[in-house]
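Here is a short tour of a protein model, written with the display in mind.

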Amino acid sequence: MQQPLVSFSTPEELRVALWPPHWPRTFPAKPNDVDIFQKLVDRNLPPLVSMRAMGLILGVNPKLITAMARFPKGNYRAFMMRKKSGGERTIFAPRVFLKTIQRYILRAILETRPLPLYVNGFVSGRSIVTNGKTHRAAPYILNVDIKDFFDSINEATVRQLFLDFGFREHVATSLARLCTYQDSLPQGAPTSPYLANLAFTPVDEEIIQLCEKSDLKYSRYADDLTFSSHQKITRKFLTPLEFVLRRHGFKINPKKTRFAGPGQARYVTGLVVNEKVHPNRELRRKLRAMFHRAELDPMKYRTRSKELLGWASFVKSYDADLGVRYLNIAKGL
């Protein structure tokens, strides 16, 4: 979690900078500013009573921050990315300066609010492996994908999230505009995954209630919803699930809905879920061959050391002993 004051050692230093008591410049506090300032400090949040406060904290002209919030178009670049399912999607990635501000919002504000254990996507210490372990050894699995997940979350929803943190309306509006583009969450922004998780929290809570009635386990990785049970999961469960999702502005992607039972391959976020959680056999073979070659000819793989370290860490998350062995090979390159 990022230190919320950045340029200041204490809240009092920021308070004095915001409202200097002496000439040459005096910025008197507006009604309730001081109270809101202290309430945010008490919550370990940056006391953003205005965009001027954010500018002081980050050492940036607040007019520039306000301009980025009001006129975001020039602060994003667009590019196409292929979908695994085929076709392409447009990615809007923030340029460096806006991205820096978004990272500050993520670390200093959003990540102060913890997420439930059943949320595994884009949460520190959690992964597709922890997501899969929720359903380990379950004989029945249901995979559901939410269509256009980020696009379904608009600026008004994001603004309400910041209001819920305790920020005033004009600050919440500016923060929402800094984190949205074309009235939705841009897929290339560092704030988007965590904001999506927070925005989906009321839906998660209703889904948990549905699961308790049907004796199902539930986990979510971004837009991938997984349900498991020791009893057969029927299509009837989709009716109340779709009702909850639609009421909150989300839709199921029917092409990706998948039921699996005994004798069928059971996958959760790309991993095989049986007695153990691991990738499919093809990927395990590829990794075994790659690390074997790297061990025999380390010079050939030296330029790929970061890639191999990443793979080794991934393997370690589901097979500690094998992961340690692969890490030793990667570190020896």
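For the helix pair below, axes are lines fitted to C-alpha atoms over the stretch in contact, and angles run from 0 to 180 degrees between N-to-C directions. Keep in mind that this is a predicted model.

Let's begin with helices α10 and α11, which span residues 201-214 and residues 238-247. They pack at an angle of about 165 degrees, and their axes lie 10 Å apart. Angles over 145 degrees count as roughly antiparallel, so α10 is roughly antiparallel to α11. Their crossing is right-handed. Which residues of each helix make the contact? The table sorts them by helix.

| Helix | Residues in the contact |
|---|---|
| α10 | V203, E206, I207 and L210 |
| α11 | P240, L241, V244, L245 and R247 |

By type, the residues of this contact comprise 7 nonpolar and 2 charged, with no polar ones.

I207 also turns up in the largest nonpolar core, which has 73 residues. Together with M54, I105, I109, L110, F162 and F227, I207 touches the most other members there. What does M54 contact, beyond its neighbours within four places in sequence? The partners are L48, I65, I101, Y104, I105, L175 and L178. A second, separate core holds 18 residues, including F314, V315, Y318 and A330.

Now zoom out. The protein has 15 helices and 10 strands, and 44% of its 333 residues count as buried. Its C-alpha atoms fill a box of roughly 75 × 55 × 35 Å along the principal axes. Among contacts with a separation of 6 or more, 66% join residues 24 or more positions apart.

Conventions:
Residues are numbered from 1 along each chain as its sequence is written. This is a predicted model: local features need pLDDT of at least 70, side-chain atom pairs count only at pLDDT 80 or more; totals for chains, interfaces and linings use all residues. Side-chain values use heavy atoms; hydrogens and water are left out. A nonpolar core is a set of buried Ala, Val, Leu, Ile, Met, Phe, Trp, Tyr and Cys residues joined through side-chain atoms within 4.5 Å. Buried means under 20% relative accessible area, exposed over 50%, partly exposed in between (1.4 Å probe, protein chains only). Contact means heavy atoms within 4.5 Å. Helices (H or I, at least four residues) and strands (E, at least two) are DSSP runs, numbered from the N terminus. Angles under 35 degrees count as roughly parallel, over 145 as roughly antiparallel, 65 to 115 as roughly perpendicular and the rest as oblique. A crossing is left-handed if the near helix is turned anticlockwise from the far one by less than a right angle, and right-handed if clockwise. Ala, Val, Leu, Ile, Met, Phe, Trp, Tyr, Cys and Pro count as nonpolar, Asp, Glu, Lys and Arg as charged, and the others, Gly among them, as polar.
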